[in-house]
Amino acid sequence: MHMWYWFGKDLGVFLFPGYVVTTTWGMIATCFGIAALAVLYEGTKVLQYKLRQMTLDSLAKTSPSTENSTLISRISSRSFNASFFVQCSSYWSRWLLEVFHWSFHTLMGYIIMMAAMTYNGYITIALVCGAAIGYWIFSPALMSFSIKQFPQQKSVQCEVECADAIVNSERRQSTVSFVAEQIATEVVADIHATQT
């Protein structure tokens, strides 16, 4: 096993017993397979985010959102009906699917890491190219998911009265901070005066 980067076609046993790479075509096929695995790894990030959103949406639908819903009303006998158990099982099935997907994503990450640990230059180039292609394909979806997380800001038309209120509040804050700084200076001066 090499402990430095090398370029060669003879990998020997690669990742799994029985998978031996000794020919040029075997190395090319392995590089394409590793690049495809890196693309798939980037794609599973998008799927993980979608599964997380589905789970959170199902949780938001099952939990009461009114102010009058208290702990006692959640525990009342009428809340334990068939629809409650259907909603609960739906939530848990989505959660289990999310956990299974996360496990698969982690397994793929470890396989990619083991491939990189061969220190073969061709394998590393294939991994980097596959990850770059995967990022190029799936990054717009990840960015749109990230943007959806931020709350929508509403633009408000500011009239003359509104602008005056903003300016006056800034003046009040600056006056208060000026007075606070002056008091702090006087306190510091008093402390120094008593020490001398």
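Arg52 is partly exposed, with a relative accessible area of 33%. In this predicted model, Arg52 forms a salt bridge with Glu98, and the closest N and O atoms of the two are 3.4 Å apart. The bridge links distant parts of the chain, since Arg52 sits in helix 1, Glu98 sits in helix 3, and 46 residues separate them. Glu98 has a relative accessible area of 5%, so it counts as buried. The general idea behind such a pair is simple: side chains of opposite charge can pair when their charged atoms come close.

The count of salt bridges comes to 2. The other pair to look at is Glu42 with Lys45, where the closest N and O atoms are 3.2 Å apart. Both of these residues lie in helix 1, and they are 3 residues apart, about one turn of the helix. Glu42 is buried, because its relative accessible area is 11% and the cut-off for buried is under 20%. Lys45, at 32%, counts as partly exposed.

Now step back to the chain as a whole. The protein chain has 5 helices and 2 strands. Read along the sequence, the order is β-β-α-α-α-α-α. The chain has 196 residues, and buried residues make up 20% of them. Among contacts with a separation of 6 or more, 74% are between residues 24 or more positions apart.

The next topic is the interior. In soluble globular proteins, nonpolar side chains tend to be buried together. In this model the largest nonpolar core has 16 residues, and those touching the most other members are Leu11, Phe14, Met27, Ile34, Ala115, Ile123 and Leu127. Helix 1 (24-62), helix 3 and helix 4 are the elements that give two or more residues to this core. Helix 1 gives the most, with 6 residues.

Setting aside neighbours within four places in sequence, Leu11 is in contact with Trp6, Val21, Met27, Asn120 and Ile123. Two of these partners, Met27 and Ile123, are also named among the core residues that touch the most other members.

Which residues does Thr118 touch, not counting residues up to four places away in sequence? They are His2, Trp6, Phe14 and Ile123. Thr118 is found in the loop between helix 3 and helix 4. Although Thr118 is in a loop, its relative accessible area is 18%, so it is buried.

Aromatic rings come next. A pair of aromatic rings is described by the distance of the centres and the angle of the planes. The count of aromatic pairs comes to 2. In one of them, the ring centres of Phe7 and Tyr122 are 5.0 Å apart and the planes are at 75 degrees, so the pair is edge-to-face. Phe7 lies in the segment before strand 1 (12-13), while Tyr122 lies in helix 4, so the pair ties together parts that are 115 residues apart in sequence. Phe7 has 57% relative accessibility and therefore counts as exposed. Tyr122 is partly exposed, with a relative accessible area of 37%.

The rings of Phe14 and Tyr19 also pair, with centres 6.2 Å apart and planes at 55 degrees, so this pair is tilted. Is Phe14 buried or exposed? Phe14 is buried, with a relative accessible area of 3%. Tyr19, at 36% relative accessibility, counts as partly exposed.

A nonpolar surface patch of about 670 Å² is made by Leu15, Phe16, Tyr19, Tyr110, Met113, Met114 and Met117. Met117 is found in the loop between helix 3 (82-116) and helix 4 (121-149). Its relative accessible area is 37%, so Met117 is partly exposed. Thr118 is found in the loop between helix 3 and helix 4 too, but Thr118 is buried.

Definitions and conventions
Residues are numbered from 1 along each chain as its sequence is written. This is a predicted model: local features need pLDDT of at least 70, side-chain atom pairs count only at pLDDT 80 or more; totals for chains, interfaces and linings use all residues. Side-chain values use heavy atoms; hydrogens and water are left out. Patches are made of residues with over 30% relative accessible area and no salt bridge: like charges are joined within 9 Å, nonpolar side chains (Val, Leu, Ile, Met, Phe, Trp, Tyr) within 5 Å. Accessible areas come from the Shrake-Rupley method with a 1.4 Å probe; for residues, only the protein chains shown count as cover. A salt bridge is a side-chain nitrogen of Lys or Arg within 4 Å of a carboxyl oxygen of Asp or Glu. Helices (H or I, at least four residues) and strands (E, at least two) are DSSP runs, numbered from the N terminus. Buried means under 20% relative accessible area, exposed over 50%, partly exposed in between (1.4 Å probe, protein chains only). A nonpolar core is a set of buried Ala, Val, Leu, Ile, Met, Phe, Trp, Tyr and Cys residues joined through side-chain atoms within 4.5 Å. Contact means heavy atoms within 4.5 Å. Rings of Phe, Tyr and Trp (its six-membered ring) pair if their centres lie within 6.5 Å; planes under 30 degrees apart count as stacked, over 60 as edge-to-face and the rest as tilted.
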